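The following note collects points for a colleague who wishes to examine this model. The points are numbered so that each can be checked against the coordinates.

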Amino acid sequence: MWNSVVKGEQIDAQLLDEYLSASYQIMQEAIERDWQFSKRYQFCDIKPNDLDFQTCASGLSRGAIYIDGTFKYCHVQFGEEKASGKNIFEDISLVDMITDGEHLEDHISEDCKKCRYRSICTSGCPVYRTEENKDPQCSICHRFIPKYYELRAKE
């Protein structure tokens, strides 16, 4: 089972692999009939045409503010008991909150730092990384990122 980008949900990796394989086959056939794959398909939060070092701007130039004014690294942390200690009603600027706040994006495994897909998957969402600081979908990404580029080449 794998964590998904849906907070608190689990994904059956083998079933996901089966469905993705089937959908890629369908998309390959559609491409042969002039379907615009690159304009209509998005694989999770992966941006294979917009290479980067991080999935989003959390921790760099953005954060999230909960309804009680508490500052979080990301909106998916809303409802978690762990407080950042920062609140917009205190005398601190938002820029300082981001700068002094949590920086999960810095926690990346050595495997990810060496991975050929690093600038594509960006080690996944920092909030959902495993204890080893890896994307829980790593094996799925390794299997389907090349397939994505194969379909782009056919397009």
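1. T122 is placed in the loop between α5 (118–121) and α6. The model is a predicted one, and in it phi of T122 is near 55°, a positive value in a residue that is not glycine. Is T122 buried or exposed? Its relative accessible area is 4%, and T122 is therefore buried, the cut-off being under 20%.

2. D34 sits in the loop between α1 and α2 (37–40). With a relative accessible area of 70%, D34 is exposed, because the class begins over 50%.

3. As to overall architecture, the chain contains six helices and four strands. Read from the N terminus, the order of elements is β-β-α-α-β-β-α-α-α-α. The C-alpha trace spans about 60 × 30 × 30 Å along its principal axes. Of the 155 residues, 36% count as buried. Among contacts in the chain with a separation of 6 or more, 55% are accounted for by residues 24 or more positions apart.

4. How do helices α1 and α6 lie relative to each other, roughly parallel or roughly antiparallel? Helix α1 (residues 13–31) packs with helix α6 (residues 138–154) at an angle of about 5°, and their axes are 10 Å apart. Angles under 35 degrees count as roughly parallel, and α1 and α6 are therefore assigned to that class. On the α1 side the contact is made by A13, L16, D17, L20, S21, Y24, M27, Q28 and I31. On the α6 side it is made by I140, R143, F144, K147, Y148, L151 and K154. Sorted by class, this contact has 10 nonpolar, two polar and four charged residues.

5. Y24 is one of the α1 residues in that contact. The relative accessibility of Y24 is 5%, so this residue counts as buried. Which residues does Y24 touch, leaving aside those up to four places away in sequence? They are Y41, F43, F144, K147, Y148 and L151; F144, K147, Y148 and L151 are also listed on the α6 side of the helix contact.

6. The side chains of D17 and R143 meet at 2.5 Å, N to O. This pair links distant parts of the chain, with D17 in helix α1 and R143 in helix α6, 126 residues apart. D17 has 18% relative accessibility and therefore counts as buried, whereas R143, at 37%, counts as partly exposed. Side chains of opposite charge can pair when their charged atoms come close.

7. How many salt bridges does the chain have by the rule applied? The count comes to four. Besides the pair of D17 and R143, one of them joins the side chains of K113 and E110 at 3.2 Å, N to O. K113 and E110 both belong to helix α4 and are three residues apart, about one turn of the helix. E110 is partly exposed, its relative accessible area being 48%. Another salt bridge joins R152 and E155, whose closest N and O atoms are 3.4 Å apart. Both partners are partly exposed: R152 has a relative accessible area of 29%, and E155 has one of 37%.

8. S109 is found in the loop between α3 (94–100) and α4 (110–114). At 8% relative accessibility, S109 counts as buried, because the class takes in values under 20%.

Definitions and conventions:
Residues numbered from 1 in each chain as written. Predicted model: local features only at pLDDT ≥ 70, side-chain atom pairs only at ≥ 80, totals over all residues. Heavy atoms only, no water. Axes fitted to C-alpha atoms, helices over the stretch in contact; angles between N-to-C directions. Helix = DSSP H or I, 4+ residues; strand = E, 2+ residues; numbered from the N terminus. Parallel < 35°, antiparallel > 145°, perpendicular 65-115°, else oblique. Contact = heavy atoms within 4.5 Å. Nonpolar A, V, L, I, M, F, W, Y, C, P; charged D, E, K, R; others polar. Buried < 20%, exposed > 50% of the residue type's maximum accessible area, 1.4 Å probe, protein only.
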